[in-house]
Protein chains: 2
Amino acid sequence: MPARDRPVSAAASTPDLSTRLTGEILDLIRREDLHAGDRLPSVRALAARFGVATPTLREALRRLQATGAVDIRHGSGTYVRHGRGRLVLASPVPQGLGIDSLLHLLDARTVVEPGLAAMAAERATAADLARLEDVLLDAERSFFPNDGRSARANEAFHFAVARASGNPILAETDEALMDLYAVAYAAAFPHARTRSRELHDHAAILAAIAGRNAQRARQLAHRHLEDAGADIALLLAEMGGDAAEQRTALGSGQ
Amino acid sequence: MPARDRPVSAAASTPDLSTRLTGEILDLIRREDLHAGDRLPSVRALAARFGVATPTLREALRRLQATGAVDIRHGSGTYVRHGRGRLVLASPVPQGLGIDSLLHLLDARTVVEPGLAAMAAERATAADLARLEDVLLDAERSFFPNDGRSARANEAFHFAVARASGNPILAETDEALMDLYAVAYAAAFPHARTRSRELHDHAAILAAIAGRNAQRARQLAHRHLEDAGADIALLLAEMGGDAAEQRTALGSGQ
DNA sequence: GTCCGAAAAGTGATTATATCTCTCCCCCCG
DNA sequence: CGGGGGGAGAGATATAATCACTTTTCGGAC
């Protein structure tokens, strides 16, 4: 092993190897232009490359996994997920996600997403708009009620709007809220059903963004989320007396 | 060694030891009623307790560290950081917090905080209002420009508004953004100075909240943050040509 | 020729053990 | 009584071997 020379820029601020390795790996992802789904070199290969032992490199990977930067699959490999060091993240071990939390999450999204939509209308690039259209078309194609895939396709639209806002940090924030929302929703209503109105609303929002109409985008996004709140209220009413039971079973938020 | 018997509860849902260990450790924290700052057993002790090897337990600790649940200090020990189930949090290892990120963070806060202020105006309890007043008085009392304590007292007001909104999740979200903002600001402008306008603005916002005037609270909060943006622009201009240099040195966020 | 299944290769998961470095605190020396 | 040295304890890292899972490949059966 030749002189474990550090190619890194004057690091040494933290004498913590695994901390430096996380940055090193993120740099690698950026430099090699790896995107979500791409596979990283094997643990052994990475360890050799950085001149560290495998358990050490593993610690770095675990940290990246915990923040959603990479995805580790036993027997298969390590894959890029978000690929960047996220600044705002959702707890990986959500506890106490009851109906209270679901409503709070929706409320929070109602604050954030209209802002994102407005920003997207003002700043979306041509590439952003193209991706939004792609995502919407994909959702239309894979539309089947009571299908998890369809729900995910609809989520993708919200993600795409967040990214199109041009503010990666606010986008991350919304992603964190959406992740938690999905978990809370699934826990509250195991039999999810996709409503066709989703697609319709999304199309209208896209039109407003493409038309650079920030006010309208904001309004539509706001109404879209309010409708979701109304749906939840409906579902709760349907469940009737079971609601209280459900609430307890889930361990209502703190 | 055949059929290593697991002393742990049933589990086996995820055949991933370190995943189970993270939950196990969090349970331990809860069961032993450990709070922020308390020390956990040593790595070796924990490994022995759960019947795993130290590197494996270490991976679990790294994951918890990555999400801010615990704090690991070389030579000293592992300590509880928040342990409590926060749902949205700032990365405890922020990287790439340059001036770009500072502006994005401010932008994000400009989306979130007016919403929080409006919600606080609608839903703040008497106790919330009392605390807001306390915090504001405290900030006035400890007002010294160029003092870190003064800056923190002003931050406390924003925290208090967030909590008064009645939405703990959106409050956590804003806290995460504020934490990151503070770090990014300190990195960009090491010689922080507190402006007296802060206090004045906060007093006005409190008045609007106490007066249950949601629209006005929203407006004031919005303007307050826009002013902060103008100040940053001014600081950047002051630094003149050095700005570009600074930007590079900090490693501007992607 | 095609298809299925078993084996092999590659990759992550876990173990066990040893050594190094840092922090903290106690106790001894001045 | 105060400060510094040193030891105990804690985390950090290395090494090497083995286990478990996934993917690929290749040969045999049909």
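Colleague: How do you know that helix H3 of chain A has the span its 13 residues should give?

Modeller: In this predicted model, the 13 residues of H3(A), residues 54-66, should span 18 Å at 1.5 Å a residue, and the end C-alpha atoms are 18 Å apart, which agrees. Just after H3(A), Gly68(A) takes a positive phi of about 80°.

Colleague: Why is Arg63(A) called buried?

Modeller: Buried means under 20% relative accessible area. Arg63(A) has 5%, so Arg63(A) is buried. This residue lies in helix H3 of chain A.

Colleague: What is Arg63(A) in contact with, leaving aside neighbours within four places in sequence?

Modeller: In chain A, Arg63(A) touches Asp16(A), Ser18(A), Thr19(A) and Thr22(A); in chain B, the partners are Arg62(B), Gln65(B), Ala66(B) and Val93(B). Thr19(A) is 44 residues away along the chain, yet its C-alpha atom is 8.7 Å from that of Arg63(A).

Colleague: Which elements of chain B do the buried residues of H3(A) pack against?

Modeller: Helix H1 (17-31) and helix H3 (54-66) of chain B. Among the buried residues of H3(A) are Leu57(A), Leu61(A) and Leu64(A), along with Glu59(A) and Arg62(A).

Colleague: What makes H8(A) and H9(A) roughly antiparallel?

Modeller: Helix H8 (residues 196-210) and helix H9 (residues 214-239) of chain A pack at about 165°, with axes 8 Å apart. An angle over 145 degrees counts as roughly antiparallel, and H8(A) and H9(A) are therefore described that way. Their crossing is left-handed.

Colleague: Which classes of residue make up the contact of H8(A) with H9(A)?

Modeller: Seven nonpolar, two polar and six charged residues.

Note on methods: Residues numbered from 1 in each chain as written. Chains lettered and ligands numbered in written order. Predicted model: local features only at pLDDT ≥ 70, side-chain atom pairs only at ≥ 80, totals over all residues. Heavy atoms only, no water. Axes fitted to C-alpha atoms, helices over the stretch in contact; angles between N-to-C directions. Helix = DSSP H or I, 4+ residues; strand = E, 2+ residues; numbered from the N terminus. Parallel < 35°, antiparallel > 145°, perpendicular 65-115°, else oblique. Left-handed = near helix turned anticlockwise from the far one by under 90°. Nonpolar A, V, L, I, M, F, W, Y, C, P; charged D, E, K, R; others polar. Expected span 1.5 Å × (residues − 1). Buried < 20%, exposed > 50% of the residue type's maximum accessible area, 1.4 Å probe, protein only. Contact = heavy atoms within 4.5 Å.
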